[in-house]
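Keep the viewer open as you read.

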Amino acid sequence: MAQHTETVIAARDAAFAALAGGFRLVDLSDALGPETILWPGAPALEVLEAVTHDAHGYHARVFTTFEHAGTHFDAPEHFVPGGADTASIPIDDLVVPAVIIDITKKAATVPNAVVEPGDVETFEAQHGPIPSGTAVLMRSGWALRKTDPLSYAGSEGTTGLAFPGFGVEAARLLVERGVVGLGVDTLGIDPGNKPDFPVHRDVSHPAGLWHLENLINLEQLPETGSVIAVGVPRIVGGTGFPTRVFAFVPRQ
């Protein structure tokens with residue numbers, strides 16, 4: 001664990017050093033509310049007015065949500081019994097360099113397109129090896145569909161889902177590279193036509209990686225050079241939670 005932490009810190013330090021010329025912030029989280037597209041079958045958001053300005057002099061609500069709603073974080077415990085929960089992810093693993101693998105062109109014609117080993121290899125041929133301690137974010141252009149539930153999910157039910165994700169072999173390759181997390185601008189890390197969640201179940205979470213799903217604004221990030229901050233709440237036993245994610249992007 002100490003060696004892992006040192007690797008992550010070294011990667012982050014190098015990335016922040018490259019931001020010395022200035023940076024801008026990009027919000028990668030969508031607002032969570034009644035119009036948010038949820039995983040089909042997930043419980044709806046519920047909001048109860050607990051106290052009000054008029055009656056009590058201040059305002060607070062009781063907010064009930066599925067842990068995996070909107071832009072959210074998946075902890076390894078989501079699929080691995082006894083895996084790290086949201087309270088135990090080291091903070092050093094939550095502020096990390098990010099690289100973008102773009103499959104927008106492929107996703108435009110293949111709804112269940114996946115990041116493949118060839119996409120990783122093409123990226124590395126252009127930018128060099130993906131450093132250990134990095135988060136890899138898939139950009140598919142799918143976030144532009146988020147106002148249309150059927151287009152975004154591919155189905156109104158739990159079958160026939162269609163959206164891009166990571167393929168198993170590419171995920172295994174990225175685990176070998178030592179990345180700390182995967183992120184997507186879709187409903188899930190696995191593509192819509194993989195209801196058995198092979199990346200979640202067999203590759204990434206067993207290796208201790210976290211996930212970010214339903215990201216937005218990835219088109220504003222360069223393929224390399226950004227650092228992301230992941231503000232997941234520390235909830236004991238948490239398998240995930242809606243999360244504010246933002247990026248430090250080099251000023252051009």
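Where is the place of His59? Keep in mind while looking that this is a predicted model.

## A histidine in a loop

His59 sits in the loop that runs between helix H2 (53-56) and strand E3 (60-64). With 41% relative accessibility, His59 counts as partly exposed.

What does His59 touch, if you skip residues up to four places away in sequence? The list is Glu49, Val51, Thr52 and His53. Take Glu49 from that list: 10 residues separate Glu49 and His59 along the chain, and their C-alpha atoms are 8.0 Å apart.

## The overall picture

Zooming out, the protein is built from seven helices and 13 strands. Its radius of gyration is 18 Å, close to the 18 Å from the globule rule for 252 residues, so the protein is as compact as a globular protein of that length.

How much of the protein is buried? Buried residues account for 47% of the 252. The protein exposes about 11,800 Å², and 56% of that comes from carbon and sulfur atoms. As for how the chain packs on itself, take the contacts between residues at least 6 apart in sequence: 74% of these join residues at least 24 apart.

## Charges and salt bridges

On the charge side, there are 15 positive and 30 negative side chains. The centres of those two sets lie 5 Å apart. Side chains of opposite charge can pair when their charged atoms come close. Here, the count of salt bridges is eight.

Let's start with Asp27 and Arg244, whose side chains form a salt bridge with an N to O distance of 2.7 Å. Asp27 belongs to strand E1 (residues 23-27) and Arg244 to strand E13 (residues 244-250), so this pair ties together parts that are 217 residues apart in sequence.

Next up is the salt bridge between Asp102 and Arg139, where the closest N and O atoms are 2.7 Å apart. This one links distant parts of the chain, with Asp102 in strand E5 (residues 95-102) and Arg139 in strand E7 (residues 135-139), 37 residues apart. Is Arg139 buried or exposed? Arg139 counts as buried, at 11% relative accessibility, whereas Asp102 is partly exposed with a relative accessible area of 33%.

Then there's Arg177, which forms a salt bridge with Glu124; the closest N and O atoms of that pair are 2.8 Å apart. Both ends are in helices: Arg177 lies in H6 (residues 168-177) and Glu124 in H4 (residues 117-127), so the pair ties together parts 53 residues apart in sequence. Arg177 is partly exposed, at 25% relative accessibility, and Glu124 is buried, with a relative accessible area of 14%.

Follow the chain out of H6 and you come to Val179, in the loop between H6 and strand E9 (181-184). Val179 counts as buried, with 5% relative accessibility. Which residues is Val179 in contact with, leaving aside neighbours within four places in sequence? They are Ile130, Gly133, Thr134, Val136, Leu174 and Leu209. For a sense of distance, Val179 and His78 are 101 residues apart in sequence and 18 Å apart in space, C-alpha to C-alpha.

Most residues other than glycine have a negative phi. That makes the next two residues worth a look.

Phe197 isn't a glycine, but its phi is positive, near 50°. You'll find Phe197 in the loop between E9 and helix H7 (198-204), and at 22% relative accessibility Phe197 counts as partly exposed.

Asn217 also has a positive phi, of about 65°, although it is not a glycine. Asn217 is in the loop between strand E10 (210-213) and strand E11 (226-231). With 21% relative accessibility, Asn217 counts as partly exposed.

Notes
Residues are numbered from 1 along each chain as its sequence is written. This is a predicted model: local features need pLDDT of at least 70, side-chain atom pairs count only at pLDDT 80 or more; totals for chains, interfaces and linings use all residues. Side-chain values use heavy atoms; hydrogens and water are left out. A salt bridge is a side-chain nitrogen of Lys or Arg within 4 Å of a carboxyl oxygen of Asp or Glu. Helices (H or I, at least four residues) and strands (E, at least two) are DSSP runs, numbered from the N terminus. Buried means under 20% relative accessible area, exposed over 50%, partly exposed in between (1.4 Å probe, protein chains only). The radius of gyration is taken over C-alpha atoms; the globule rule is 2.2 Å times the number of residues to the power 0.38. Contact means heavy atoms within 4.5 Å. Accessible areas come from the Shrake-Rupley method with a 1.4 Å probe; for residues, only the protein chains shown count as cover. Lys and Arg count as positive and Asp and Glu as negative; His and the chain ends are not counted. The place of a charge is taken as NZ of Lys, CZ of Arg, CG of Asp or CD of Glu.
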